[in-house]
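The following paragraphs lead through a protein fold. Please keep the sequence and the model in view while reading.

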Amino acid sequence: MDYIILKNSADKKMILDDIFFEISRRKSGIEKALKNFSQLEGYIVEGKAICFRKDLDEFELSQLKIPLDNEHVLVDVEADYSSIDKNSQAYFTFNEFYEYVEKNVENYVSVDSKINMLLLEVKTGLDYRE
């Protein structure tokens with residue numbers, strides 16, 4: 001399957017919005033996803049994936065157009081499940097990814113003390129630096 005690499009920040013945000021919308025539709029989806037992210041583990045839903053390097057095996061890593069390192073998150077979205085009508089991939093630094101999550105999580109779930117604790121765990125897990 002051929003993918004386009006998204007570099008435009010609006011397009012990159014759009015596919016994150018796509019996947020977080022789907023995650024939020026799952027029972028406890030946002031909480032499960034945040035817990036995974038805090039442990040540098042990805043989340044897959046409906047033709048969409050957020051991947052960390054350790055989520056992929058050697059074959060999958062060899063298929064990427066841009067190598068995935070231990071400081072980036074890969075978001076992979078199939079065309080049938082995307083606002084962008086092409087199979088798309090976008091790479092985010094851990095800081096970029098955390099900033100999106102922190103800023104946008106309230107669009108998908110009520111932010112309470114549990115969510116705030118999970119956000120803190122994600123921040124720590126991603127070694128976020130302002």
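Helix α4 (residues 94–104) lies across β3, β4 and β5 and runs at about 100° to β5. Helices (H or I, at least four residues) and strands (E, at least two) are DSSP runs, numbered from the N terminus. Axes are lines fitted to C-alpha atoms, for helices over the stretch in contact, and angles run from 0 to 180 degrees between N-to-C directions. The model is predicted: local features need pLDDT of at least 70, side-chain atom pairs count only at pLDDT 80 or more, and totals for chains, interfaces and linings use all residues. Residues are numbered from 1 along each chain as its sequence is written, and side-chain values use heavy atoms, with hydrogens and water left out.

The buried residues of α4 are Phe-94, Phe-97, Tyr-98, Tyr-100, Val-101 and Asn-104, where buried means under 20% relative accessible area, exposed over 50% and partly exposed in between (1.4 Å probe, protein chains only). These residues are on the same side of α4 because they cover an arc of only 160° around the axis, the arc being that of the directions from the helix axis to the C-beta atoms. Their cover includes α1, α2, β3, β4, β5 and α5, with contact defined as heavy atoms within 4.5 Å.

How do α4 and α5 run relative to each other, parallel or antiparallel? Their axes come within 10 Å and cross at roughly 170°. The two helices are therefore roughly antiparallel; angles under 35 degrees count as roughly parallel, over 145 as roughly antiparallel, 65 to 115 as roughly perpendicular and the rest as oblique. Tyr-98, Val-101 and Glu-102 of α4 make the contact with Leu-119, Val-122 and Lys-123 of α5.

The sheet itself is open, with 5 strands in the order β1-β5-β4-β3-β2 and mixed pairing; two strands pair if DSSP finds at least two bridges between them. At its edges are β1 (4–6) and β2 (43–45), each of which pairs on one side only. Neighbouring strands are turned by 15° against each other on average, direction ignored. Helix α2 (residues 29–38) packs on this sheet, touching β2 and β3 (48–51), and its direction makes about 145° with that of β2. Within the sheet, β4 (residues 72–77) and β5 (residues 88–93) pair in the antiparallel sense over 6 bridges, and Val-73 stands opposite Phe-92 in β5.

The largest nonpolar core has 33 residues, of which Phe-20, Leu-34, Phe-37, Ile-50 and Phe-97 touch the most other members. Such a core is a set of buried Ala, Val, Leu, Ile, Met, Phe, Trp, Tyr and Cys residues joined through side-chain atoms within 4.5 Å. Two or more residues come from each of α1 (9–24), α2, β2, β4, β5, α4 and α5 (113–125). Leaving out residues up to four places away in sequence, Phe-20 touches Ile-30, Phe-37, Ile-50, Phe-97, Tyr-100, Val-101 and Tyr-108. A second, separate core of 8 residues includes Cys-51, Leu-64, Leu-68 and Leu-74.

Lys-13 counts as partly exposed because its relative accessibility is 37%. Beyond residues up to four places away in sequence, Lys-13 touches Tyr-100 and Asn-104; the C-alpha atoms of Lys-13 and Tyr-100, 87 residues apart along the chain, are separated by 8.0 Å. Glu-22, by contrast, is buried, with a relative accessible area of 12%. Apart from neighbours within four places in sequence, Glu-22 is in contact with Val-45, Glu-46 and Lys-48.
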